[in-house]
Amino acid sequence: MILKELQISPYLLQLESIIRRVPPNHPSFENIRDVLIREQAGYYGEAQLVFPISKLDFQHDDLHNLRLQYNGHYFQLDFLLLTPRFLLIIEAKNYRDQVIFDDEFNQVLHKDKVYQDPVVQVEEQKYQLEMWLQTKGFPHIPVETVVAMTNSQTLLKTSSENSIYKEKVVTLPKLTSKIREISSRYPKPCISVSEMKWLGSQFIKEHKDYVSDIFLRTRINKSELASGVVCPNCGEIGMKIRNLRWDCSNCGFRSSDAYRTTLKDFYLLIGNEITNCEFRKFTGISSSSTAKAMLRRSNFPKLGTRRYTKYKLSFNYAVDFDYLKNRNIYRSRKHIYRN
């Protein structure tokens, strides 16, 4: 049973939103692009876990992207499998081409870059999860770990013959049988099914999404963002309003409520409260009365009166950002993926 489905993280949504509003010649643009591509690769890698997990023939519950707090810090698990006999943390890696695991220094060498060792990473997650369970007073249950390489085109190498990586790192086609092998080590339950279900509910209750200060993370100033209404169809900024409809000069798309996606961009990037003045600056609308009418039609709660009026924005990360999640509309801006 899937207790927590795989969803695009708020941080990835923020990156997808901000890159359309950052000038390509900005000093931080290339870094944002690289981080975006890396985060996307991570998401698509985690999505590849769904099928091999679905082939398991024993009782289990699944949680994707679980983020918990222990000792004042958060730790995140790509995937957690719950059974009455053991817990399994799966770290998904979506590297391309050749990857070398360096035993001596616990590093991953990929092309000309050095990355954190995923085995060390997942073992640290194991420790934090065990401590989290202990502080919650939960009965002891074994925690296992595995690193799944989700790109079938990746060539894996180790720096020595006797390597822990051969035990801990598996390719995607091997993942199901690896989990069955782990399962065979634990024939007896440590907790009851009802306790497993309760634990799953506690994980959901304690989970906290990561929402970044995107301007701090990307070294972008709010004033550097391009203003304008983004076309929900092609992703270009600068739709014009004519006869109460928004027109896109790039693809010809017309919409009466395209400004709503711009409110969502504001929510992702800046905050959950917006004034008439801020709305006009962010959309490029010059008329205060037009902006007021649009904000009223959006049916968000009002705070304050007259010139001090603010609108309290509220969106659901899981369902309200399909214009970013389902289309990858920023691909129309070819400069984002130029080499």
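A salt bridge is taken here as a side-chain nitrogen of Lys or Arg within 4 Å of a carboxyl oxygen of Asp or Glu. The structure is a predicted model, in which local features need pLDDT of at least 70 and side-chain atom pairs count only at pLDDT 80 or more, while totals for chains, interfaces and linings use all residues. Residues are numbered from 1 along each chain as its sequence is written, and side-chain values use heavy atoms, with hydrogens and water left out.

The protein is divided into domain 1 (2–206) and domain 2 (227–324), with bounds that come from an automatic or database domain assignment. Taken over C-alpha atoms, the centres of the two domains are 36 Å apart. Nine residues of domain 1 are in contact with 15 residues of domain 2, contact meaning heavy atoms within 4.5 Å. Between them the domains bury about 1100 Å², 61% of it on carbon and sulfur atoms; buried area is the accessible area (1.4 Å probe) that two parts lose on being put together, summed over both. In domain 1, Leu13, Arg20 and Arg21 lose the most area to domain 2, together 59% of what that side buries.

Two salt bridges are counted between domain 1 and domain 2. Arginine 20 forms a salt bridge with aspartate 265, and their closest N and O atoms are 2.8 Å apart. This pair links distant parts of the chain, 245 residues apart: arginine 20 sits in the loop between helix 1 (10–18) and helix 2 (29–47), and aspartate 265 in helix 9 (residues 259–269). Helices (H or I, at least four residues) are DSSP runs, numbered from the N terminus. Both arginine 20 and aspartate 265 are buried, where buried means under 20% relative accessible area, exposed over 50%, and partly exposed in between (1.4 Å probe, protein chains only).

Glutamate 91 pairs with lysine 93 in a salt bridge whose closest N and O atoms are 3.3 Å apart, and both residues are buried. Aspartate 257 forms a salt bridge with arginine 260, at 3.7 Å between the closest N and O atoms. Here aspartate 257 counts as partly exposed because its relative accessibility is 36%, and arginine 260 is likewise partly exposed, with a relative accessible area of 31%. A network of salt bridges links Glu144, Glu167, Lys178, Glu181 and Arg185.

Finally, serine 183 lies in helix 6 (residues 172–184). Serine 183 counts as buried because its relative accessible area is 10%. Leaving aside neighbours within four places in sequence, serine 183 is in contact with Phe58, Arg85 and Phe86.

How values were computed
Helix = DSSP H or I, 4+ residues; strand = E, 2+ residues; numbered from the N terminus.
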